[in-house]
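Please read the numbered points beside the sequence and the model.

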Amino acid sequence: MSEQHSHTAEGHEHDEHSGMSKSKIWKVAGILSLITAIEFIIALWAIPGGHIPQHVGNYLYIALTLVKAFYIVAYFMHLKFEKLGLQLALTVSFIFIIYFIVLMLIEGGFLNIHMATHS
């Protein structure tokens, strides 16, 4: 009976992470490094040099940070290799959290303006 159900750690390890090879890890690390380099160029050259306005730079930072977060969660935390149901549950939750944060920031800005004009 023990012979039928014997599993080695080596065989199980390859099945769990079959999508991640050394070349894939280096590719994702290269993409993350490239995005970080772009962020540094924006922060140290484009905004101070007046090539792009500050508010555009802020939106670029947010977009690039979200792309980096996707790569980190998808590949290094192995979400890319999970079942679709778990991916959708986490993605929808994340979208709602971001949506509510944006709503709170908008409402907070409105309240700040409203309180400043009525005090």
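1. Axes are lines fitted to C-alpha atoms, for helices over the stretch in contact, and angles run from 0 to 180 degrees between N-to-C directions. The model is predicted: local features need pLDDT of at least 70 and side-chain atom pairs pLDDT 80 or more, while totals for chains, interfaces and linings use all residues. Residues are numbered from 1 along each chain as its sequence is written, and side-chain values use heavy atoms, without hydrogens and water.

2. The protein chain has 4 helices and 0 strands, where helices (H or I, at least four residues) and strands (E, at least two) are DSSP runs numbered from the N terminus.

3. Helix H2 (residues 22-46) packs with helix H3 (residues 54-76) at an angle of about 165 degrees, and their axes are 10 Å apart. H2 and H3 are therefore roughly antiparallel, a term for angles over 145 degrees.

4. Residues that make this contact (heavy atoms within 4.5 Å) include Val28 and Leu32 of H2 and Tyr71 and Tyr75 of H3. The contact residues of H2 with H3 divide into 17 nonpolar, 3 polar and 3 charged; Ala, Val, Leu, Ile, Met, Phe, Trp, Tyr, Cys and Pro count as nonpolar, Asp, Glu, Lys and Arg as charged, and the others, Gly among them, as polar.

5. Buried residues (under 20% relative accessible area, 1.4 Å probe, protein chains only) make up 13% of the 119 residues in the protein chain.

Terms used: Angles under 35 degrees count as roughly parallel, over 145 as roughly antiparallel, 65 to 115 as roughly perpendicular and the rest as oblique. Buried means under 20% relative accessible area, exposed over 50%, partly exposed in between (1.4 Å probe, protein chains only).
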